[in-house]
Amino acid sequence: METMSVTAVGAYFEALADVQQVTVTSIAEQVGLQVKYIWRLRTAKIVDPSARNLRSLTDALRGSWEDVGVLLANPDATESDGRARALAWAVESGMIKLEDRRLFATASSDDLNRAAEYLRDRAVERQGNGRRR
(Lines give C-alpha, C1' and ligand atoms only; values in the text may rest on other atoms or scores of the structure.)
Protein backbone atom coordinates (compact mmCIF):
# COMPACT_ATOMS: atom_id res chain seq x y z
CA MET A 1 0.00 0.00 0.00
CA GLU A 2 1.23 3.50 -0.78
CA THR A 3 2.14 5.81 2.09
CA MET A 4 0.09 8.70 0.70
CA SER A 5 -3.11 6.67 0.49
CA VAL A 6 -2.80 5.48 4.12
CA THR A 7 -2.25 9.06 5.23
CA ALA A 8 -5.35 10.10 3.27
CA VAL A 9 -7.42 7.48 5.10
CA GLY A 10 -6.12 8.73 8.44
CA ALA A 11 -7.18 12.26 7.46
CA TYR A 12 -10.58 10.90 6.39
CA PHE A 13 -11.12 9.35 9.83
CA GLU A 14 -9.91 12.45 11.63
CA ALA A 15 -12.23 14.73 9.61
CA LEU A 16 -15.23 12.49 10.30
CA ALA A 17 -14.43 12.58 14.01
CA ASP A 18 -14.18 16.39 13.88
CA VAL A 19 -17.53 16.73 12.08
CA GLN A 20 -19.22 14.52 14.66
CA GLN A 21 -17.47 16.27 17.55
CA VAL A 22 -15.96 13.08 18.92
CA THR A 23 -12.35 12.47 19.70
CA VAL A 24 -10.28 10.08 17.68
CA THR A 25 -9.18 8.67 21.04
CA SER A 26 -12.73 7.75 22.00
CA ILE A 27 -13.36 6.10 18.64
CA ALA A 28 -10.15 4.06 18.83
CA GLU A 29 -11.07 2.91 22.32
CA GLN A 30 -14.64 2.14 21.22
CA VAL A 31 -13.42 -0.26 18.54
CA GLY A 32 -10.71 -1.75 20.72
CA LEU A 33 -7.64 -0.22 19.08
CA GLN A 34 -4.73 1.53 20.67
CA VAL A 35 -5.15 5.28 20.72
CA LYS A 36 -1.96 5.65 18.66
CA TYR A 37 -3.42 3.69 15.76
CA ILE A 38 -5.03 6.61 13.92
CA TRP A 39 -2.03 8.84 14.57
CA ARG A 40 0.12 6.10 13.07
CA LEU A 41 -2.15 6.00 10.02
CA ARG A 42 -1.89 9.78 9.64
CA THR A 43 1.90 9.69 9.80
CA ALA A 44 2.22 6.59 7.58
CA LYS A 45 3.80 4.52 10.34
CA ILE A 46 1.31 1.78 9.44
CA VAL A 47 2.01 0.89 5.85
CA ASP A 48 -0.42 -2.00 5.47
CA PRO A 49 -3.38 -1.52 7.84
CA SER A 50 -5.71 -4.45 8.33
CA ALA A 51 -9.06 -4.37 6.58
CA ARG A 52 -10.73 -5.35 9.85
CA ASN A 53 -9.34 -2.33 11.69
CA LEU A 54 -10.19 0.02 8.83
CA ARG A 55 -13.72 -1.38 8.65
CA SER A 56 -14.18 -1.02 12.42
CA LEU A 57 -13.06 2.61 12.32
CA THR A 58 -15.20 3.34 9.26
CA ASP A 59 -18.29 1.88 10.92
CA ALA A 60 -17.67 3.62 14.26
CA LEU A 61 -17.30 6.97 12.48
CA ARG A 62 -20.33 6.28 10.26
CA GLY A 63 -18.10 6.69 7.22
CA SER A 64 -18.17 5.16 3.77
CA TRP A 65 -16.29 1.93 3.18
CA GLU A 66 -16.31 2.83 -0.52
CA ASP A 67 -14.52 6.12 0.22
CA VAL A 68 -11.87 4.30 2.25
CA GLY A 69 -11.37 1.85 -0.62
CA VAL A 70 -11.03 4.63 -3.19
CA LEU A 71 -8.45 6.45 -1.04
CA LEU A 72 -6.44 3.26 -0.48
CA ALA A 73 -6.52 2.37 -4.17
CA ASN A 74 -5.15 5.76 -5.19
CA PRO A 75 -1.39 5.92 -4.50
CA ASP A 76 -1.49 9.70 -5.01
CA ALA A 77 -4.33 10.34 -2.52
CA THR A 78 -3.45 13.18 -0.15
CA GLU A 79 -4.63 14.31 3.27
CA SER A 80 -6.67 16.94 1.47
CA ASP A 81 -8.36 14.20 -0.58
CA GLY A 82 -9.20 12.35 2.63
CA ARG A 83 -10.68 15.45 4.27
CA ALA A 84 -12.62 16.36 1.12
CA ARG A 85 -14.15 12.89 0.87
CA ALA A 86 -15.05 12.96 4.56
CA LEU A 87 -16.75 16.33 4.23
CA ALA A 88 -18.61 15.22 1.11
CA TRP A 89 -19.75 12.05 2.88
CA ALA A 90 -20.81 14.05 5.93
CA VAL A 91 -22.99 16.23 3.71
CA GLU A 92 -24.37 13.28 1.76
CA SER A 93 -25.24 11.29 4.87
CA GLY A 94 -26.77 14.27 6.66
CA MET A 95 -24.08 14.72 9.32
CA ILE A 96 -23.63 18.34 8.24
CA LYS A 97 -25.67 20.61 6.02
CA LEU A 98 -24.46 21.74 2.62
CA GLU A 99 -24.11 25.31 3.91
CA ASP A 100 -21.68 24.06 6.58
CA ARG A 101 -19.61 22.30 3.92
CA ARG A 102 -19.23 25.56 1.99
CA LEU A 103 -17.58 27.02 5.07
CA PHE A 104 -15.08 24.17 5.06
CA ALA A 105 -14.46 24.49 1.33
CA THR A 106 -13.64 28.20 1.50
CA ALA A 107 -11.53 28.07 4.66
CA SER A 108 -7.76 28.27 4.58
CA SER A 109 -5.65 25.40 5.88
CA ASP A 110 -4.97 27.40 9.05
CA ASP A 111 -8.70 28.00 9.50
CA LEU A 112 -9.44 24.31 9.03
CA ASN A 113 -6.75 23.36 11.53
CA ARG A 114 -8.12 25.83 14.07
CA ALA A 115 -11.67 24.61 13.48
CA ALA A 116 -10.59 21.01 13.94
CA GLU A 117 -8.78 21.92 17.15
CA TYR A 118 -11.89 23.72 18.41
CA LEU A 119 -14.11 20.73 17.60
CA ARG A 120 -11.70 18.33 19.32
CA ASP A 121 -11.63 20.59 22.41
CA ARG A 122 -15.44 20.65 22.48
CA ALA A 123 -15.56 16.87 22.22
CA VAL A 124 -13.17 16.53 25.16
CA GLU A 125 -15.27 19.00 27.18
CA ARG A 126 -18.45 17.04 26.40
CA GLN A 127 -16.84 13.79 27.48
CA GLY A 128 -15.66 15.48 30.66
CA ASN A 129 -19.22 16.51 31.40
CA GLY A 130 -20.43 12.94 30.92
CA ARG A 131 -22.26 13.71 27.68
CA ARG A 132 -21.67 11.46 24.71
CA ARG A 133 -22.85 11.86 21.18
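In which loop does Arg62 lie? Select Arg62: it lies in the loop between helix H4 (51-60) and H5, where helices (H or I, at least four residues) are DSSP runs numbered from the N terminus. Arg62 has a positive phi of about 55°, although it is not a glycine.

The model is predicted, with local features needing pLDDT of at least 70 and side-chain atom pairs pLDDT 80 or more, while totals for chains, interfaces and linings use all residues. Residues are numbered from 1 along each chain as its sequence is written, and side-chain values use heavy atoms, leaving out hydrogens and water.

Next, select Gln21, in the loop between helix H1 (3-19) and helix H2 (24-30). Gln21 is not a glycine, yet its phi is positive, at about 55°. Its relative accessibility is 16%, and it counts as buried (under 20% relative accessible area, 1.4 Å probe, protein chains only; exposed means over 50%).

Proceed to helix H5 (residues 65-73), whose buried residues are Asp67, Val68, Leu71 and Leu72. These lie on the same side of H5 because they cover an arc of only 130° around the axis, taken from the directions from the helix axis to the C-beta atoms. On the other side of H5, Glu66 and Ala73 are exposed.

Finally, select Phe13, Leu41 and Leu57, the residues with the most contacts inside the largest nonpolar core, which has 31 residues. Such a core is a set of buried Ala, Val, Leu, Ile, Met, Phe, Trp, Tyr and Cys residues joined through side-chain atoms within 4.5 Å. H1 gives the most to this core, with 9 residues.

Notes
Helix = DSSP H or I, 4+ residues; strand = E, 2+ residues; numbered from the N terminus.
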